[in-house]
Amino acid sequence: MLQSEDRIQSQLFLWHWNTYPEERMRLYHIHNTPRNKIDGARLKAMGLVRGVSDLAFICGNGKTAYIEMKKPGGTQSPHQKKFEAVCKAMKVDYFLVYSVEKGQEIIERLR
């Protein structure tokens, strides 16, 4: 059964939350989905930027990595590709994740 992007992300988050309680607050969701146009305008005025990753992880080395979640077969939007390019140009870790297991591997390596 294919999983939705939201389900994969929530499973990854809960795995980290429960496996590493001492690291709570190091992995967090970046709210980038407004409920409607009014909410979108408000969030944009507060700094919402299209294409920013779904999750951020504060690494053990003091750096932050960005994680974009996709369901299997999912693709990045042009804005997401642009954010990835900005991260790579700045030598900031950016990961495209299609499964809970891959996300777990990445977080284990970043810790």
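Analyst: Let's start with helix α4, residues 100-110, which lies across β1, β2, β3 and β4. Helix α4 runs at about 155° to β4. Keep in mind as we go that this is a predicted model.

Now for the sheet itself. It's an open one of 4 strands, in the order β1-β2-β3-β4, and the pairing is mixed. β1 (27-29) and β4 (94-97) sit at the edges with a single partner strand each, so one side of each has no neighbour in the sheet. Neighbouring strands here are turned by 25° against each other on average, if you ignore direction.

Zoom in on β4 and its partner. Strand β3, residues 64-69, pairs with β4 in the parallel sense, over 4 bridges. If you want a spot to look at, find Tyr 66, which stands opposite Tyr 94 in β4.

Another helix joins in too: α1, residues 5-19, packs on the sheet and touches β1, β2 (55-58) and β3. The direction of α1 makes about 145° with that of β3.

One last thing to check is the cysteines. The structure holds 0 disulfides. For Cys 59, the nearest cysteine sulfur is that of Cys 87, 12 Å away, while a disulfide needs the two sulfur atoms within 2.5 Å. Cys 59 is buried, with a relative accessible area of 6%. Cys 87 is in no disulfide either, and it is buried as well, at a relative accessible area of 4%.

Methods:
Residues numbered from 1 in each chain as written. Predicted model: local features only at pLDDT ≥ 70, side-chain atom pairs only at ≥ 80, totals over all residues. Heavy atoms only, no water. Pairing = 2+ DSSP bridges. Helix = DSSP H or I, 4+ residues; strand = E, 2+ residues; numbered from the N terminus. Axes fitted to C-alpha atoms, helices over the stretch in contact; angles between N-to-C directions. Contact = heavy atoms within 4.5 Å. Buried < 20%, exposed > 50% of the residue type's maximum accessible area, 1.4 Å probe, protein only.
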